[in-house]
Amino acid sequence: MEPNKIPEEEVGPSVAKPLLKTLDPVKNHKPRVKKPRYLTHALIIAIGLIMLYPLLWMVMSSFKENTEIFQSGSFFPKNFTLENYIQGWTGVSGVTFGRFFLNSGIIVTLCIIGNVFACSMAAYAFARLDFAFKKVLFMIMLITLMLPFHVTVIPQYIMFNYLDWINTFIPLTLPKFLATEGFFIFLMVQFMRSIPRELEEAAQIDGCGKIRMYWQLIMPLSVPALITTMIFTFIWTWNDFFSQLLYLSNIKLYTVAVGLRMFVDSMGESSWGALFAMSALSLIPLFVVFIFFQRYIIEGITAGGVKG
Amino acid sequence: MIALKNAWRRNAVAYMFLTPWIVGLIGLSAIPMVASLYFSFTNYDMFTDPQWVGLANYAQMFQDQKWLNSVEVTFKYVFISVPLQLTFALCVALALSKGLKGLRFYRAIYYVPSLFGGSVAVALLWRQLFGGDGLVNRGLAVFGIEGTNWISQPDTALYTLIILAVWQFGAPMIIFLAGLKQIPIELYEAAKIDGAGKFKQFFKITLPLLTPIVLFNLVMQVISAFQAFTPAFIISGGSGGPLDSTLFYTLYLYQKAFTQFQMGYASAMAWLLLAAIAILTALIFLSSKKWVHYQE
């Protein structure tokens, strides 16, 4: 038993942690850390590397010459080249990947705006207001969370087709402005319920109405939940394939996901290099968001159990 | 009078906040669901009016070899990939939870596949990895094993998709990690004093206390596995091939609805999918009374 563990057992864990910190502020004691376990570390890193290897290999291959990708066994490119990126960027039938990225960007931005406002409004009502049929409506909201979208997608398609909205971004974005993503409502309701009521009571005494309360009090305090919503909307919309495949058939409106699929169909499998280059590019936005907002992603997953 | 007026006002304000959601609920969920149920009893190709055929679509499914096959493929996919994925997630979470340094970094590395996994890019990469001259075969060649084209073999194609699903164990892993943190250290210390070994600690403390989280992950992953679409579509080029061995239920539904425009048949398929998910979820919850340990 190592020395830094003794006080914890004497004082109890809740007091022990701050106590240890005051005793030794330089070293951050974690009570359960024993001697460094190199074997565990090595194993975890090795498995992690095997898992990430395909992705790393794809990135490395995107800088190789096409003939080198399948012939040489070396991991790093022998002749570093950007040719794949230049060739890939030209895209399909005169529409460049720049256009695909722009389209994805527009759709993602609209979806984020829609989800943040529509879901937070519904969440505010469920978390803070009193109204008739509240329990029933909340139950319905939870049920819609579990519904497979296949039972609605066919009539939706027929409806959007009837309205002549196929080959526009409306079928992909309008639903978000109507708070169809129950998961985010649920997430925000959980969050808003944790905001102390005293703040609103004080505001009410000052004559603050419900609309101002939502906009000037609840929304600013809910920023962490709103960021989580934005991040997941970004990831899901960026990765979405089914509805973009369904509603977009005009190549000028293609997103990155649909564009990549079109790209492989038109180029065949002869130019893996260009395909890897564009695939790698398509993952960069996700990666950047992940690096900067990892905390919110972890919180979002633990709060509601996200598909990933 | 005043009380009534206040109640009315209170409801009006609340329903104003709920307006977008209610419009969406009615216009994009409720009406489409009713319409979908109606279509499932008709023949409808979007160009002529729907024709009422009663239960014919439902009856036809059980004679449709392709449909029966897609059910089998989907069940195989769900029942193999979900348990493997959750086992993996739990093992990694256990390894990471023992107060290791660098937890945040490791957790991030193991989550990366889940972040990218649903994308078209990764599905395309998978097609290369398991192709004839793909990375996997070159790895096997080092050990003197000659691989085949895993993607174009009907016997193995589905397993490449299962590996892709298992690879994305990041989300359940993070939930397991959060659950492991909740287990009081005192329990383990008490067990240690009683002389319980690592194995006994795991089966007597960790696993029972984690069962509510296993249940949650199980339900979520089963529901999402049933709806998997992108990898099968991309890897098989939209066909569900070779020989329908990757024809997921959702992929067949997509083909029926949006390439053959058999909207009635596809709607009936959608309702059976809903029924299957509902029944399976209910069964999991019913069985959970036997194996989930709730703390009082």
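Beyond its neighbours within four places, I185(A) is in contact with C119(A), A122(A), A123(A), F126(A), M141(A) and A179(A). This is a predicted model.

In soluble globular proteins, nonpolar side chains tend to be buried together.

Now chain B. Its secondary structure comprises 13 helices and two strands. Chain B is more spread out than a compact globule, because its radius of gyration is 24 Å, well over the 19 Å that the globule rule gives for 296 residues. Along the principal axes, the C-alpha atoms of chain B fill a box of roughly 80 × 75 × 35 Å.

How much of chain B is buried? The share is 38% of its 296 residues. Contacts in chain B with a separation of 6 or more come 70% from residues 24 or more positions apart.

Confidence values from the predictor are listed here.

| Item | Value |
|---|---|
| Chain B, mean pLDDT | 91 |
| Chain B, residues with pLDDT of 70 or more | 99% |
| Complex, ipTM | 0.91 |
| Complex, pTM | 0.88 |

Chain B, with a radius of gyration of 24 Å, is more spread out than a compact globule.

Definitions and conventions
Residues are numbered from 1 along each chain as its sequence is written. Chains are lettered from A and ligands numbered from 1 in the order in which they are written. Helices (H or I, at least four residues) and strands (E, at least two) are DSSP runs, numbered from the N terminus. The radius of gyration is taken over C-alpha atoms; the globule rule is 2.2 Å times the number of residues to the power 0.38. A residue is buried if 20 or more other C-beta atoms lie within 10 Å of its own, exposed if 12 or fewer, and partly exposed in between; C-beta atoms are placed from the backbone. Two residues are in contact if their C-beta atoms, placed from the backbone, lie within 7 Å. pLDDT is the predictor's confidence in each residue, from 0 to 100.
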